[in-house]
Each structure stands twice: as C-alpha cells, then as structure tokens.
Amino acid sequence: MVRVADRKRPWIHNAHPIKADAMGMEELKSLVDSQQKMIEKQQAMIEEMQEVMGSFAKAVVSGKDTRDRSPVLDKLAAQDDEARKQMSTAAIHDRRLVGLFDARYHSTSTGATPRDHRILPKRIILVRHAESEGNVNNQAYTYLPDPQVPLTKTGWRQAFNAGRMIKDIASDSKLFFYTSPYLRSKQTYEGVSEAFGVSNIAGVQEEVQLREQDFGNFQDAEGKRREKAERLRFGRFFYRFPNGESGADVYDRMTLFEDHLVRDINAGRFSGDSSLVLVTHGLASRIFLMRWFHWTVDQFMGVYNPPNAVPIVLERIVPDDSTRPGGPATWIHTKALYKLSDESMKILQGCTPDMCTTSWVPRGLSASNGTSSYKRTPEVHEMLESMDEDSDQRPDP
C-alpha cells in the first residue's frame, strides 16, 4: 500500500528502483549546482563591494575626491547631498541630532499611529466621583463589593453641580467622557451629563484602568485597620494590600491608560474643540497627574486627594495648529503641551507650581546652568565626610 505522504514523491515506488534512485540523485545534483552558482554570484558581489569600499577608504586617507571613484559612490554622495539640502531648508530640524527630544520620532507619533494627525483637545478634566456610601461609612465595604458602592443623596447633588461647573469651564467644546466602571463613578457621570444636551457629548467610554485602587475583596473592618497601620510602617505607595493592589500597581495600569490616550490624541481621534472628562477616583486622579507630569513618589505623597466632584483641569497651552507639520510645537511631546490650571493647583493641597507642567529638565536641575537645587540629606553629608579621608572615593562635585 502506498502511503499518502509518498504520493508526493512517486519515484519512491517506481517500477525500476535503480532508475528512481538515479532520478533522485540527478535532482539533488541540480539543486546543489544551482545553490553553488548563487553562492558564487553573492561572493562576487561581496568582493566588488569590498573593493569599492577599500578604494573609498584609501581615497579618504589620501585626501582625494571620493566622488570620482565609483558610480556606486557617486550615487551615495548624491543621496547624501539631497538629504543635507532637505535638512538645511526644513522649518524645524531633527532635534535628536543635538541630543534633544523630538516628538515627531516618538513611537506614538510615527510607529503605531499615522504621522502628522495629532489634534489636541482643549483640556483634560479629572473628576473624582461624588460622595459615596463608602465615604460616609467604611462599614459599607464589609457587605458591598467595592465596584457596587453607590452615591449618597448628597453625592447625587454634587454630581449635578459638577456638571454645571464643567459646563462653565468647557462651554466652548464638546465633551468625550472616560469613566471608571465602578457604580459611584458611573452615577457621577450620569449626574454630570444632565447639564449637557446630547449634541454636546461626543462620546462616553468605560475604562477599567481608571478604577479605584483594589484594597481586597469584601473588607473586614478590623483586618483593614491592621493592614493600614502596617502600610504606614512599610510605605503607603509601595504597600500591597492582601488580594489587592499597591499605589505602584495603580501607577503601572495608569501608565497603560495614558499611553493609549496619547496614541488616540496623536492619531487625531478627538477634534480640536473637544474636552476630555475622566470620571475616576481620588488616588487614581492623583496617580494620573503623577504619571502625566512626572512627579516623584515623594511629591505624590505630599499631595492630598481632590475633593469629591470638583473638576481638576489640565489646559492646552498652545494653539492646536501649532502641533501640525511645520508648526513651532511639532517636536514637543503631547503631555508637555498641557499644564494644570492655577485654580486646580489651589484645589490640590500639597501641589506646587513646579509640579503643574511636564519639564524635560530632570526635576531638581536648573535649566539655565544645569546645577542641582536638591538639598543633600544628612545621610549624604555623612557619607561624603567619611570619604574625605580617601579622595579617590569621593565623587567629583
């Protein structure tokens, strides 16, 4: 019986085995010969290129004009001249050539999204959910899953009022909402949206990454008190609750959300007269700002949660068309084109002016002279003093 696989190779069951073997050897020899010819051709091309490059290197060393050495080099020289000409006549040069950041070559500009489509919303508004049952009674978390904790009557009034405040802030634009999937955030969105007609809302999207920090499942009150006391000893930002998250975990998922948000902005998803409204939670709001403005952990820990249902506004600082091709802000990263409004800085206790923008100068360094404004800690002073005895160990100032 002939196997199915063998039907593709009929010579195996040829009536004349010797002839079949001879046919197989001829085919193999033909294949080897063709591969050998290909290798020889490639080797010849390599030798030709080596000869050309060798001649070019000798010409460079001797100071001779390299453009007359080879047609290949003539073509390369012409391409180089054209590239230099385009660079010299461009309105904005490639800032990477002088060691600076250039958003045009960022992965979110020319990688995953089409280039030159960036349209900046007028503002990004953060809203912590209105007052919830958990805000007035911690026992609510012992019998209600955190995602199902609702607003109080006061919270509903706060949500309606937040809508009116946002309408005053963003009356010149359509709104696109992102909301946490937790009930108190979705109810806050419902209350806020009452202030707007259907034509004023461009869209709404539930976003899981905007949810509250996970403190565990059903929360035993006594156990949670012990865990929060332990968190103070360990460090609030890095302490991970059993079956829950740390602040650092929330930071990681907020990074993903902001990356996607920036990609959407750079891809032109939103119109230039739109405003984005993120309905989320207290800690999530702070970590959004931490990630957006590059706060340090210490800076983050010095800022309090915003009040319930009070808008926190990031304002666009340049005209939208300035980020289009050839515009003066083309090279600037999207995040650096927004700043925290003065009123919002006052609302966020602990927030200082240097935390309200994204700077490309490392925090603590002066942009003018590169000197550090950080104060040395006692530990650093002690270490440097101990190194005075051995100057080889002490770092240069």
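Q: Where is Ser-274 found in this one?
A: Ser-274 is in strand E4, which covers residues 274-280. Bear in mind that this is a predicted model.

Q: Ser-274, buried or exposed?
A: Buried: Ser-274 has a relative accessibility of 4%, and the cut-off for buried is under 20%.

Q: And which residues does Ser-274 touch?
A: Leaving out residues up to four places away in sequence, Ser-274 touches Pro-121, Lys-122, Arg-123, Ser-173 and Lys-174. There's also a polar atom of the Ser-274 side chain 2.7 Å from the backbone oxygen of Ser-271.

Q: Lys-122, hmm. Which side chain does Lys-122 meet in a salt bridge?
A: That of Asp-172, with N to O at 3.1 Å.

Q: What residues are in the network with them?
A: Arg-123 is linked with Lys-122 and Asp-172 in a network of salt bridges.

Q: How accessible are Asp-172 and Lys-122?
A: Asp-172 comes out at 38% relative accessibility, so it counts as partly exposed. Lys-122 is at 23%, so it's partly exposed too.

Q: Why would side chains like that pair up at all?
A: Because side chains of opposite charge can pair when their charged atoms come close.

Q: How many salt bridges does the structure hold?
A: There are 12 salt bridges in the structure. One of them joins Lys-335 and Glu-258, where the closest N and O atoms are 2.8 Å apart.

Q: Where do Lys-335 and Glu-258 sit?
A: In distant parts of the chain, 77 residues apart. Lys-335 is in the loop between strand E5 (312-316) and strand E6 (338-340), and Glu-258 is in helix H9 (residues 247-266).

Q: Are we talking buried or exposed for Lys-335 and Glu-258?
A: Both of them are buried.

Q: What about Glu-222 and Arg-225, where do they lie?
A: Both are in helix H8, three residues apart, which is about one turn of the helix. Glu-222 is at 39% relative accessibility, so it counts as partly exposed.

Q: Switching topic: what's the volume of the largest pocket?
A: About 840 Å³. The lining has 34 residues, and Phe-215, Lys-228, Arg-231, Arg-236 and Asn-305 are the ones nearest the centre of the pocket.

Q: Which helix gives the most to that lining?
A: H8, with five residues. Helices supplying at least two residues each are H4 (133-136), H5 (140-143), H8 (221-234), H10 (282-293) and H11 (297-301).

Q: How many polar, charged and nonpolar residues are in the lining?
A: The lining of the largest pocket has 14 polar, 11 charged and nine nonpolar residues.

Q: Last one, Phe-160. Where does it lie?
A: Phe-160 is in helix H6. With a relative accessible area of 33%, Phe-160 is partly exposed.

Q: What does Phe-160 touch?
A: Gly-191 and Glu-194, again not counting residues up to four places away in sequence. Phe-160 and Glu-194 are 34 residues apart along the chain, with their C-alpha atoms separated by 6.9 Å.

Conventions. Residues numbered from 1 in each chain as written. Predicted model: local features only at pLDDT ≥ 70, side-chain atom pairs only at ≥ 80, totals over all residues. Heavy atoms only, no water. 1 Å grid on protein atoms, 1.4 Å probe; cavity = no way out; pocket = protein on both sides within 12 Å on 5 of 7 lines; lining within 4 Å. Points joined across faces, edges and corners; volume = space filled by probe spheres on them. Helix = DSSP H or I, 4+ residues; strand = E, 2+ residues; numbered from the N terminus. Nonpolar A, V, L, I, M, F, W, Y, C, P; charged D, E, K, R; others polar. Salt bridge = Lys/Arg side-chain N within 4 Å of Asp/Glu carboxyl O. Buried < 20%, exposed > 50% of the residue type's maximum accessible area, 1.4 Å probe, protein only. Polar contact = N/O pair within 3.5 Å; in protein donor to acceptor, adjacent residues only side chain to side chain. Contact = heavy atoms within 4.5 Å.
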